[in-house]
Amino acid sequence: MAGAATMVSSAGGLLAMLNETHPALKLHALSNLNAFVDYFWPEISTSVPIIESLYEDEEFDHRPLAALLVSKVFYYLGELNDSLSYALGAGHLFDVSEDSDYVHTLLAKAIDEYASLNTKAAEAHNESATVDPRLEATVERMLDKCIVDGKYQQAIGMAIECRRLDKLEEAITRSDNAHATINYCIDISHSFVNRREYRREVLQLLVKVYQQLPSPDYLSICQRLMFLDEPEGVASILEKLLRSEIKEDALLAFQIAFDLVENEHQAFLLNVRNRLPSPKSLPSESVHSGSPEPGSVQSENTTTTEDVQMTNGSQVDGNTSSPDPREAIYAERITKIRGILSGENSIQLTLQFLYSHNKSDLLILKTIKQSVEMRNSVCHSATIYTNAIMHAGTTVDTFLRENLDWLSRATNWAKFSATAGLGVIHRGHLKQGRSLMAPYLPQGGAGGGGSPYSEGGALYALGLIHANHGEGIKQFLRDSLRSTNVEVIQHGACLGLGLAALGTADNDVFDDIKNVLYTDSAVAGEAAGISMGLLMVGTASEKAGEMLAYAHETQHEKIIRGLALGIALTVYGREEEADTLIEQMTRDQDPILRYGGMYALALAYQGTGNNKAIRQLLHFAVSDVSDDVRRTAVLALGFVLYADQEQTPRIVSLLSESYNPHVRYGAALAVGISCAGTGLSEAISLLEPLTSDVVDFVRQGALIAMAMVMIQISEASDSRVGAFRRQLEKIILDKHEDTMSKMGAILASGILDAGGRNVTIKLLSKTKHDKITAVVGLAVFSQFWYWYPLIYFISLSFSPTAFIGLNYDLKVPSFEFLSHAKPSLFEYPKPTTVPTTTSAVKLPTAVLSTSARAKARASKKEQDKTNAPKSSGAEPSAGKGKSIDKDEDSMQVDSPADKKAEPEPSYEILTNPARVVPAQEKFIKFLEESRYVPVKSAASGFVLLKDLRPNEPEVLTLTDAPSSAASNPGGSVTGQQSSASAMAVDEEPAPPQPFEFTP
Amino acid sequence: MDPKITEVSQAFERFKAAFVRNDFDKCSELLSQLKVLLTKFKSLPPLFEETPNAIHELTLARDIYEHAVVLSVKIEDLDAFERDFFQLKPYYTDACGRLPQSPQEYLILGLNLLRLLVQNRIAEFHTELELLSAIALENPCIKHAVELEQSFMEGAYNRVLSARKTLPHETYDYFMDLLAKTVRDEIAGCNEKAYDSLSVNDAQQILLFSSDQELVEYIKEHPEWEIKNGFVYFKQARESEPCKEIPSLQLINQTLSYARELERIV
């Protein structure tokens, strides 16, 4: 009766039996031990040598059994390496399908081992590296089992990790939902495959699989091809779609083109465009012979002319011979797609959108302007920067025009930046950019006129306007650069050229800039260094070596710094390929070069979250002797981690409490960069204490970073946004605040409301591809520590948060859709208002002591201003108006409270084009009975719409501008008049009158 | 009757016959066969399956292993003793609820204790002791072993040797011989520590040898001992170890790394 409970209490007997001479006894002991190993492994472990010797005994028949037993014991002892090697010895006795901890652990171990071996072999390019065939067999058994069981995701993960592309392909093709599987595959290849080369291989395979599918997803394929840098593939797909009979295919092609443009890969887009085959019939030939040179087809101006010629061409064609209608359609489509690929369409539409939806709050600027002391040039220029950032891309320069007098106090470099600010405001205004800036540009040969500072600034501004789309302006900038030897102008021209020719790796331009560098002038050399980097972004060219050599040669710190950043830019996104260069830089004696090394690490591994890079950066962040290097190392973490934003606050949280203010500053900016536009709660919590740090520049960094994080986050979704706005105002108004943090606050209020409150900072495109311009822009922006004019680079990272639906003609039809969320969650911030007298009681006395001069000027401004909201009814006293702004918070709190009386609707109807902030995207729904259906379901960006009722007349909204611009083909030649008429919207303000500076 | 059991029983009978004849070679051969046959029984440890003949099989197997242990003593094979004892042990510890107690049990346990004592495995000795019940400790076989151990630990070596005269069982004889040797080794170890040298006579007396001849033989086993001028010199590694060098390089490295780590505390 007790028998049922009988259980051996010790394995001693069995172990003793192992020493018996008779093999049958040994076998008996082994098989029993194997059955009881889970309970008796501690006892067995002392006898492992005996069992091992059995395994090694060639004459023993049951060696695998002995191996399995030893393996299990080692597993329990935590010696996984030994365990694995014995498990492999056990051969088929090791059953991969067994559901036990032992098998699971060992399989994981085996796969890890196999993956690391294979990875090592692949990285060493050493085919002969031997992988234990038994290990391979085990892993293969596991893979096959997963595939057979339908666990495709596991199989894919393992196959990718083990570099078994054959198995990967098998898994994908055998899965029941190939599209979903491929998408999963893409995701993991981006997030978990660290080696760039290998990722390429995986993607190449995916493209191959994709193309074999019966219904290929061209959108995805093209994205992959773009990553692989294979313009031929994209071009052939586009051609196929364009030649299709079905209109939808053409729409899809347009959509692909827009998506590609979003990734801002200028060189790639140019290649695709050049490879698109032209229509076969005569007219197309004439078009091509008509355009000046095949190479310059890409220039904006020529594209417009091409447009015109196209119509001419087809007319001619109609006269002479009967055209093949299909070729004609194709020709028409190819023109459109070329236009899209040039980026022209998207830039133009963005510009229209930003202009028409501009909601920037001039009152904020006004408050800043009035509270800033005139003599404080830092804050004065900061206000100018802020204005530029606030109106980036909107073409609204009301503030500047209204305050010419005040503006004219900017002298020297401040004048340089004031002029360059126009470039930010008119960013993307490709057609009229040059004429807008004309008054400030150096007059070739005339030899007289403007100050070199405004001329240099104007060249820089041109670069900003044409950033990454500079085919049209490049030549002009080059000429300007060559025809001057004033270093300020050279400075502006270098920056402009770098921006315009971003990433084109144009050797002629490079040589021009290099000549400037070799003049060894500190001011021009710095810009030249950066510019060379911009030009060579991501090429990893050997020019970097040349730059490094010169950096060692020159005495000027500024030049070394410029070059260091430039070198860092050249290795953008090259990951391991950059390691040698990074090593070289980080080991340099010169802290400035080490500092460049940090940037190189940041940019080479941008967005990869690569552990090695993070480790290196953390190492430098705590061990370098130079504060600059430490600061940059921490800051660089932001770039490495931006694809995985949640990580950053966690990683830098300790650093943000460092005793070293430079490290704290770096931590703040790292969070700002990687969490930009997310409103991530952890990020805000981390930054909050830093905004009231004891050190002024830490406050500055924290305020800027906070603004970057909170950009476009409404107060309704996070109440801290409102608090932050009030904090900014308080700092700006506080007379005793340090200049540094005041400047930070001013810039922060600009960034918070950047681009007329319609842009956000985005480093990743919707397809998770890094936006090269944006990342580069932020990297150079973070240099403002040394050189304020570089602040403008932040405008490169702005991307409009808009849903813009387009029809087949690339026009914006009127179209409604739904945002299934409370409107207040995503609405624009309330415009600041002039407070009523009731709240005037709380005036802090300190503010009333503003200088009489400021009061007088402010009141004068107020009288001048007719349409400003401020003059509507409230106290005319400027002194009061200004100080009472402080109490806006109460106002802002009040007004929503009033609203709450009536229940807020739970949805909102938006009209194309609409502002859709990133957080809102998931709430966007398309109405079912709508006339238009999007080609791909995307909630923001440019979306091609399918017209379900093509016979009804279409109502177009907002912008006929593209066509009106096209009707004005010589757009770039005439002066201000044409620029004023160019914007189709009537209220388009004229550019500011040229103002004279009194030096 | 199960044919398997019959087969085992018959083989066991033959084994016992050979055992009585003191034909130990035959015994070993038969024993090996028996053991292999026993593996066929599922009711035996470690499986303890409930079969109709379980009790019979268990008893039979226990009997076989008990004989095996005694046999190993007779052929003076300590390894075999240990092996067989361990295989026997589950029958005592785990099957005690199902089987009547074996008359041989205490004898075998006592033998095992003695073996541990002989092999100077005191820790295991005490482990085994702890597992025994109070009644078992009263058994003369066990008691004998316990007393021996106590004398041994006290250093009352003469009592250990005199215990020979009160053997509970004839099989203990073999172990007592071995024990004498163990005791002598202990004494020799103490001597090395206690004396630089001893006169041959004293050494003979202390080491409990009856003649010089035996002493000389014994000294030969210890290469570091030496007989000179009627004295035995114990020249083991007496000379003090050389003063260790200060690991200066290592210390410097360590200190530097501490300094660096401190610097990193942020």
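**Entry 1: a helix pair.** Before judging any packing angle, I wrote down the cut-off I would need: angles over 145 degrees count as roughly antiparallel, and those under 35 degrees as roughly parallel. I also noted that I am working with a predicted model.

I then picked helix α8 of chain A, residues 152–161, and helix α9 of chain A, residues 165–174. Their packing angle came out at about 160 degrees, and their axes lie 8 Å apart. With the cut-off at over 145 degrees, α8(A) and α9(A) are therefore roughly antiparallel to each other. I checked the handedness too: α8(A) passes α9(A) in a left-handed crossing.

Which residues make the contact between α8(A) and α9(A)? On the α8(A) side I listed A:Tyr152, A:Ala155, A:Ile156, A:Ala159 and A:Ile160. On the α9(A) side they meet A:Lys167, A:Leu168, A:Ala171, A:Ile172 and A:Arg174.

**Entry 2: the whole chain.** I stepped back to look at chain A, which has 999 residues, 59% of them buried. I found 51 helices and 9 strands in its secondary structure. For the contacts in chain A between residues at least 6 apart in sequence, I noted that 74% join residues at least 24 apart. The accessible surface of chain A is about 38,700 Å², and carbon and sulfur atoms account for 52% of that.

**Entry 3: a leucine in α2.** Next I went to A:Leu30, which sits in helix α2 of chain A, residues 23–45. Is A:Leu30 buried or exposed? Its relative accessibility is 0%, so A:Leu30 counts as buried. Leaving aside neighbours within four places in sequence, I listed its contacts as A:Leu18, A:Ile51, A:Leu54, A:Phe60, A:His62, A:Leu65, A:Ala66 and A:Leu69. I also looked up A:Leu14, 16 residues away from A:Leu30 in sequence, and found the two C-alpha atoms 7.8 Å apart.

**Entry 4: a serine in α45.** A:Ser824 belongs to helix α45 of chain A, residues 823–826. Its relative accessible area is 19%, and the limit for buried is under 20%, so A:Ser824 is buried. Beyond its neighbours within four places in sequence, A:Ser824 is in contact with A:Ser714, A:Ala716 and A:Glu904.

Where is A:Ala540 found? I located A:Ala540 in the loop between α30 (522–535) and α31 (543–553) of chain A. Its phi is near 50 degrees, a positive value in a residue that is not glycine. At 32% relative accessibility, A:Ala540 counts as partly exposed.

A:Arg757 also has a positive phi, about 65 degrees, and is not a glycine. I found A:Arg757 in helix α43 of chain A, residues 754–757. With 5% relative accessibility, A:Arg757 counts as buried.

My last stop was the peptide bond from A:Asn912 to A:Pro913, which is cis, with omega near -10 degrees. A:Pro913 lies in the loop between β5 (908–911) and β6 (914–915) of chain A.

Notes. Residues numbered from 1 in each chain as written. Chains lettered and ligands numbered in written order. Predicted model: local features only at pLDDT ≥ 70, side-chain atom pairs only at ≥ 80, totals over all residues. Heavy atoms only, no water. Axes fitted to C-alpha atoms, helices over the stretch in contact; angles between N-to-C directions. Helix = DSSP H or I, 4+ residues; strand = E, 2+ residues; numbered from the N terminus. Parallel < 35°, antiparallel > 145°, perpendicular 65-115°, else oblique. Left-handed = near helix turned anticlockwise from the far one by under 90°. Contact = heavy atoms within 4.5 Å. Buried < 20%, exposed > 50% of the residue type's maximum accessible area, 1.4 Å probe, protein only. Areas by Shrake-Rupley, 256 points an atom, 1.4 Å probe, with all protein chains shown as cover.
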